[in-house]
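Please read them with the structure open.

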Amino acid sequence: MAMNPRRKRRLLWALGLIAGVAVAFSIILYALSQNIDLFYTPTEVVEGKGKDAVKPAVGQRLRIGGMVVEDSVKRNQETLEVEFLVTDIGPEVKILYTGILPDLFREGQGIVAQGVMIEPTVMKATEVLAKHDEEYMPPELAEQMKGIKHVNPNQPDAFEGNQ
Amino acid sequence: MWRWLHPYAKPEVVYRLLGRWLPWVAAAAALTLGAGLVWGLVFAPADYQQGDSYRIIFVHVPTAMLSMSLYVALAISALVGRVWQLKMADWALAAIAPVGATLTFISLATGAIWGKPMWGTWWEWDARLTSQLILLFLYIGVLALYHAFSDNRNGAKAAGILAMVGVINIPIIRYSVEWWNTLHQGATLTVFERPPMANSMLFPLLISILGFGLLAAALIFHRMRNEILRQELRRPWVKNEFGKELNEAERT
């Protein structure tokens with residue numbers, strides 16, 4: 001179908017504008033990609049991030065995100081102090097935290113901790129957030145499929161089986 | 001195709017057509033939205049991890065999905081309005097943008113309300129949340145530009161350019177959770193894979209999505225009719241249309 005040349009020019013102009021801005025934004029986002037990441041993974045903390053393998057320095061303020069290692073959560077019985085290990089695909093980083101953890105915090109669950117590195121693999125966290133995944137199912141199904149003995153979070157003794 | 005489409009470029013034809021569809025779409029919206037929300041909020045089972053808190057998904061996911069698809073519709077209207085210079089495509093900007101902005105705001109608000117008990121924070125500047133906030137600003141910007149000029153055609157032109165350029169944000173929102181590591185989890189609903197969600201939760205979610213979609217359509221049809229009237233106020237067909245109704249009102 002032959003297009004009116006003026007329309008054709010306007011169409012090319014509009015598509016060119018969108019394409020140009022898209023290219024500009026992809027370059028900007030590519031350049032900023034490391035800064036857009038919300039957190040470092042434990043592997044990136046231990047082995048370094050990116051091509052230059054930059055490791056965070058002691059005293060640096062950052063966020064670390066990973067899975068809470070099973071059986072690594074140690075609570076101080078008198079205070080709100082808690083320490084635990086997080087991992088992703090191997091290396092582990094220790095997180096120290098004083099405060100109330102979110103409801104979804106449990107071993108094997110993803111978390112994001114923000115704080116200051118006090119040793120190369122130890123962070124003193126000021127904030128611990130829980131991540132959850134994109135799976136949704138009723139408790140009975142979760143028990144069948146995953147063998148998870150869950151946990152109606154509304155029951156007062158809900159989390160005792162986990163500890 | 002143009003010959004077939006041409007009658008629909010007349011404002012009065014579109015006005016009457018939307019008026020005929022509106023009650024049906026509105027009724028279907030009330031039905032599906034009611035069914036989806038009652039099923040989801042009352043009858044669907046609680047989640048194994050999140051308990052009842054996850055139920056906000058029945059509002060959060062439909063509004064978030066629609067906020068993005070309405071933006072694509074907005075950008076397409078803007079493109080058609082710029083390239084083919086169709087007045088009605090320009091007016092569609094004014095019809096779609098407030099509905100999209102409201103849905104975006106609802107998705108941000110429900111997300112924050114969900115985030116506080118589950119993640120432990122109302123807001124985090126991660127890629128998904130930030131790009132969705134930018135979407136809200138884009139909608140508001142399109143609306144502001146549309147109404148910023150005394151000559152409506154200039155407003156539609158400026159708003160249309162912003163709407164077209166802003167469409168770049170849509171893939172960024174969609175893939176933000178894959179390209180960068182974020183606090184927000186990945187997508188549950190994808191086109192090609194079976195969603196990792198039990199059917200007893202998935203069906204009410206899909207019905208809610210349909211319900212919010214129909215509601216958005218009904219609101220947009222209504223706003224489009226208003227915008228057509230606003231723009232065509234001095235045209236004879238409007239006077240005929242409402243003159244007739246006035247006469248009838250006088251007779252009864």
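1. Chain B, order of elements. From the N terminus on, chain B runs α-α-α-α-α-α-α-α-α. That is 9 helices and 0 strands. Helices (H or I, at least four residues) and strands (E, at least two) are DSSP runs, numbered from the N terminus. The C-alpha trace of chain B spans about 60 × 45 × 35 Å along its principal axes.

2. Basis of the model. This is a predicted model, in which local features need pLDDT of at least 70 and side-chain atom pairs count only at pLDDT 80 or more, while totals for chains, interfaces and linings use all residues. Residues are numbered from 1 along each chain as its sequence is written, and chains are lettered from A and ligands numbered from 1 in the order in which they are written.

3. An unreviewed UniProt entry lists residues 18–184 of chain B as "domain: Cytochrome c assembly protein". UniProt positions are given here in the numbering of this note, with feature names shortened, and annotations may be inferred rather than shown by experiment. In the model, residues 18–184 of chain B are 78% helix and 0% strand. The end C-alpha atoms of that span lie 38 Å apart.

4. Transmembrane annotation. For "transmembrane region", the unreviewed UniProt entry lists residues 21–44, 56–80, 92–115, 127–146, 158–177 and 197–221 of chain B. How much helix does the model give over residues 56–80 of chain B? The span is 96% helix and 0% strand, with its end C-alpha atoms 36 Å apart. Residues 197–221 of chain B are 92% helix and 0% strand. Their end C-alpha atoms are 33 Å apart.

5. A helix pair in chain B. Helix α4 (residues 87–118) of chain B packs on helix α5 (residues 127–146) of chain B at an angle of about 155 degrees, with the axes 9 Å apart. Axes are lines fitted to C-alpha atoms, for helices over the stretch in contact, and angles run from 0 to 180 degrees between N-to-C directions. α4(B) and α5(B) are therefore roughly antiparallel to each other (the class for angles over 145 degrees). Their crossing is left-handed, meaning that the near helix is turned anticlockwise from the far one by less than a right angle.

6. What lines that packing. Residues of α4(B) in the contact include L93(B), A97(B), A101(B) and L108(B). From α5(B), L136(B), Y139(B) and L143(B) are among them. Contact requires C-beta atoms, placed from the backbone, within 7 Å. By class, the α4(B)–α5(B) contact has 15 nonpolar, 4 polar and no charged residues. Ala, Val, Leu, Ile, Met, Phe, Trp, Tyr, Cys and Pro count as nonpolar, Asp, Glu, Lys and Arg as charged, and the others, Gly among them, as polar.

7. Strands of chain A. β3 (residues 81–87) of chain A pairs antiparallel with β1 (residues 61–68) of chain A over 2 bridges. Pairing needs at least two DSSP bridges. M67(A) has T87(A) as its bridge partner. β2 (residues 74–75) of chain A also runs antiparallel to β3(A), with 2 bridges, and a hairpin of 5 residues joins them. β3(A) and β4 (residues 92–98) of chain A form 7 antiparallel bridges. V86(A) partners V93(A) there, and the hairpin between these strands has 4 residues.

8. Chain interface. 39 residues of chain A contact 37 residues of chain B. α1 (5–36), β6 (122–130) and α3 (139–146) of chain A each give two or more residues to that side. The largest share, 11 residues, comes from α1(A). By class, the chain A side has 25 nonpolar, 6 polar and 8 charged residues.

Conventions:
Two residues are in contact if their C-beta atoms, placed from the backbone, lie within 7 Å. Angles under 35 degrees count as roughly parallel, over 145 as roughly antiparallel, 65 to 115 as roughly perpendicular and the rest as oblique.
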